[in-house]
Amino acid sequence: MHWKIPFVDQLAKGPAIWITVLQAHGSVPRGAGTVMAVFEGTFFGTIGGGHLEFEAIAEARKCLKSAPDLAGLPKEKRFALGPSLGQCCGGALVLQFEAVSSADSNRLLEILDAQTAERFMPLALFGGGHVGKALINVLAPLPFQVRWIDSRDEIFPTSVPAQVVCEHSNPVQAAVADLAPNSRVLIMSFSHAEDLDIVAACLLRNRQRQDLPFVGLIGSATKWATFKRRLAERGFSEAECQQVTCPIGVPGISGKEPEVIAVAVAAQLLQA
């Protein structure tokens, strides 16, 4: 939830209206539990955009201006996504409007943290090279909690997105043992030898726990053919090797620039 810190800073300056999607029926842009915060001059989060969000923000600011004590809140209001809103989704939402202040910060942060834990998928990214750096930037607004791992010192940039944790691990494959369950794994280290060791550690963990649903390795089909032979020499079966995706990235994108590869890989992660 990348707007958590600026939201708390803004809340310290004045009250806000906290909007929660209580109910979602039919075809709607966001589901129940989605939240956003509206201040007099700014807002954080989204309940789906379009005219629905325009009307919700207007309603929230009307509440902010109606009375200093914000009497009458919280309240609920139903929005039908039909001709009256200029949206043809056909569904309906029930929104709750609640007045909040800095005294509510801890409670609201707990809500945001819980949503992050529920909606953000754990991702282990091995490798701090050009593609790794590009991928971190592409993933910044996406629902991933990233553990970025490299064996080299001073490889990580000084500033990374809020949902990224940088970690030095030597040997690098040792980090596989305590990855969060159901982590997606991307392997793109500076060394083919390191890549092979990380792949082997992931396959061994899946042999024991089956809790790494996606293991992606950067490289060509030729690289993967070589890796499969070496993995077979280490005792891994053909079925186990089939758990690895290599090359990575959605098909049909041929560019080799780090930023292009990063977009293709991010799209594949969302599919996975």
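Author: 4 bridges join β9 to β10, and the two strands run parallel. This is a predicted model, in which local features need pLDDT of at least 70 and side-chain atom pairs count only at pLDDT 80 or more, while totals for chains, interfaces and linings use all residues. Residues are numbered from 1 along each chain as its sequence is written, and side-chain values use heavy atoms, with hydrogens and water left out.

Reader: What makes β9 and β10 a pair?

Author: Two strands pair if DSSP finds at least two bridges between them. β9 and β10 have 4 bridges, so by that rule they pair.

Reader: Why are β8 and β11 called edge strands?

Author: The open sheet has 6 strands in the order β8-β7-β6-β9-β10-β11, with parallel pairing. β8 (164-168) and β11 (244-245) each pair on one side only. For β8, the neighbour is β7 (residues 144-150), joined to β8 by 5 bridges; there, tryptophan 148 has cysteine 166 as its bridge partner.

Reader: What makes you say that α5 packs on this sheet?

Author: Contact means heavy atoms within 4.5 Å. Helix α5 touches β6 (121-126), β9 (184-187), β10 (214-217) and β11, and its direction makes about 160° with that of β9.

Reader: Why is α5 called oblique to α6?

Author: Two packed helices are described by the angle between their axes and the distance between the axes. The axes of α5 (residues 192-208) and α6 (residues 221-233) come within 11 Å and cross at roughly 55°. Angles under 35 degrees count as roughly parallel, over 145 as roughly antiparallel, 65 to 115 as roughly perpendicular and the rest as oblique, so α5 is oblique to α6. The contact is made by His192, Asp195, Leu196, Val199, Ala200 and Leu203 of α5 and by Lys223, Phe227, Arg230 and Leu231 of α6.

Reader: How do you know that both faces of β9 are covered?

Author: Buried means under 20% relative accessible area (1.4 Å probe, protein chains only), exposed over 50%, and partly exposed in between. Arg184 and Leu186 on one side of β9 are buried, as are Val185 and Ile187 on the other.

Reader: Which residues of α4 are buried, and what do they pack against?

Author: In helix α4 (residues 130-139), the buried residues are Val131, Gly132, Ala134, Leu135, Ile136 and Leu139. Their packing partners are β6, β7, β8, β9 and α8 (258-271).

Reader: Why does leucine 108 count as buried?

Author: Its relative accessibility is 0%, so leucine 108 counts as buried. Leucine 108 lies in helix α3 (residues 105-119) and touches Phe7, Leu11, Trp18 and Val100, not counting residues up to four places away in sequence. Leucine 108 and tryptophan 18 are 90 residues apart along the chain, yet 9.1 Å separates their C-alpha atoms.

Reader: And how many helices and strands does the chain have?

Author: There are 8 helices and 11 strands; helices (H or I, at least four residues) and strands (E, at least two) are DSSP runs, numbered from the N terminus. Of the 272 residues in the chain, 46% are buried.

Notes:
Axes are lines fitted to C-alpha atoms, for helices over the stretch in contact, and angles run from 0 to 180 degrees between N-to-C directions.
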